[in-house]
Amino acid sequence: MSQKEPIILAIESSCDDTSVAILKNETILANLIAGQEVHRVYGGVVPELASRAHLQNIVPVIEAAVQKADVALGDIDAIAFTKGPGLLGSLIVGTSFAKSLSLALDIPIIDVNHMFGHVLAHFIDDDGKSKPKFPFICLTVSGGHTQIVLVRDYLEMEIIGATKDDAAGEAFDKAAKMLGFEYPGGPLIDKHSKSGNPFAFGFTKPRVDGYNFSFSGLKTGIMNFLNKEQLHDPNFIEENKSDLSASIQHTIVEILMTQLKRVSDDYGIQEIAIAGGVSANSGLRNRLVEDGNKFGWNVYIPRFEYCTDNAAMIAITAKFMFGKGLFADQSVTARARIPFTY
Ligand code: KG4
Ligand code: ZN
């Protein structure tokens, strides 16, 4: 087994995307994702349907990834998988498949924390793009999590702030639903914001202790505001879709960036990264660059395909675990919630 440049096959199945990546050293040879359209009509992810779709997708996605990477199964040094956090039924599909494949190929398995994956996606070798230097701060914003993470080393991280209720992605998706957008509405708010005025409507920002976040008050505020306006004008939402999108996006970005700035000031760290599905948001990406210029930060923004859930981020995390000999055994199980540590 080559210790220098391990080839790792990684499986990510924590929510509604079945993804398989193949990594050689720090280079991604394949990163394929099968999404699940089945949830769209329900306005959110239906766990039972997600695990069934993972079962249908996993073999074809693995076959396609191996073909794309042009590697033989016998060349793979380890199988990585997302152990958690996520939807249990979905995680079980990836975990069970990884365990069987590792037995069949007689190679080790590596159990990866999904949230470490989002952060470490920054270390995928990407056309010489510069990588964050330790210690850095990472704002991880996804559909299930909103965290400010102090990253001391590849596998040494500490959550110093988190949401007390809804995640930032959830806030985008719930607001989007109120505006009549399909699930997941975050990207649609982003799209409509481009032609809207971010200052057209003002929403109250929450007061939260420490470096934490809260988005449930904003959700209620938006709902009450829309209900009130629709009493006067039933077409209010339709007539103001772009301005509403831009104002909601501006408020969420403002909430996130205010806390990030406080952390940077208090910890004296100017290496600032974002990660997770919401880091695909153009408002957040632009604002991070602007604030970076203003405050003298070095900012790190993942490529779009490494923002939302993907197996490449699981593979790169597994690579660092491989280097430290952090392997799991066949007794490992998927877990909906796991501690933020190795
Ligand atoms: O990281 P991710 O793919 O899955 C989780 O681990 O949750 O994040 C998905 C979330 C969804 O809430 C989705 O609406 C949001 O990321 N998202 C966006 C954008 N792209 C994805 N939110 C705002 N603007 C976007 N461009
Ligand atoms: Zn995620």
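**A first look around**

Guide: Before we start, keep in mind that this is a predicted model. One pair to look for is Ile-8, which stands opposite Leu-23 in β2.

Visitor: Which strands pair there, and in what sense?
Guide: Strand β1, residues 7–12, and strand β2, residues 18–24, run antiparallel to each other and are joined over six bridges.

Visitor: What order do the strands of the sheet come in?
Guide: The order is β3-β2-β1-β4-β5, five strands in an open sheet with mixed pairing. At the edges stand β3 (27–34) and β5 (109–113); each has a single partner strand, so one side of each has no neighbour in the sheet.

Visitor: And how many degrees does the twist average?
Guide: From one strand to the next, the twist averages 20°.

Visitor: Which strands does helix α2 lie across?
Guide: Helix α2, residues 88–105, lies across β1, β4 (78–84) and β5, and its angle to β4 is about 160°.

Visitor: Changing topic: which residues come nearest to ligand 1?
Guide: Of the 18 residues around the ligand, the nearest are Gly-143, Asp-173, Asp-190, Asn-281 and Asp-309.

Visitor: What does Asp-309 do there, in terms of distance?
Guide: A polar backbone atom of Asp-309 is 2.9 Å from an oxygen atom of ligand 1. For Gly-169, a backbone N or O atom lies 3.3 Å from a ligand oxygen. With His-114 the side chain takes part, as one of its N or O atoms is 3.4 Å from an oxygen of ligand 1.

Conventions: Residues are numbered from 1 along each chain as its sequence is written. Chains are lettered from A and ligands numbered from 1 in the order in which they are written. This is a predicted model: local features need pLDDT of at least 70, side-chain atom pairs count only at pLDDT 80 or more; totals for chains, interfaces and linings use all residues. Side-chain values use heavy atoms; hydrogens and water are left out. Two strands pair if DSSP finds at least two bridges between them. Helices (H or I, at least four residues) and strands (E, at least two) are DSSP runs, numbered from the N terminus. Axes are lines fitted to C-alpha atoms, for helices over the stretch in contact, and angles run from 0 to 180 degrees between N-to-C directions. Contact means heavy atoms within 4.5 Å. A residue is near a molecule or strand if one of its heavy atoms lies within 4 Å of it. A polar contact is a pair of N or O atoms within 3.5 Å; within protein, one must be able to donate a hydrogen and the other to accept it, and residues adjacent in sequence count only if both atoms are side-chain atoms.
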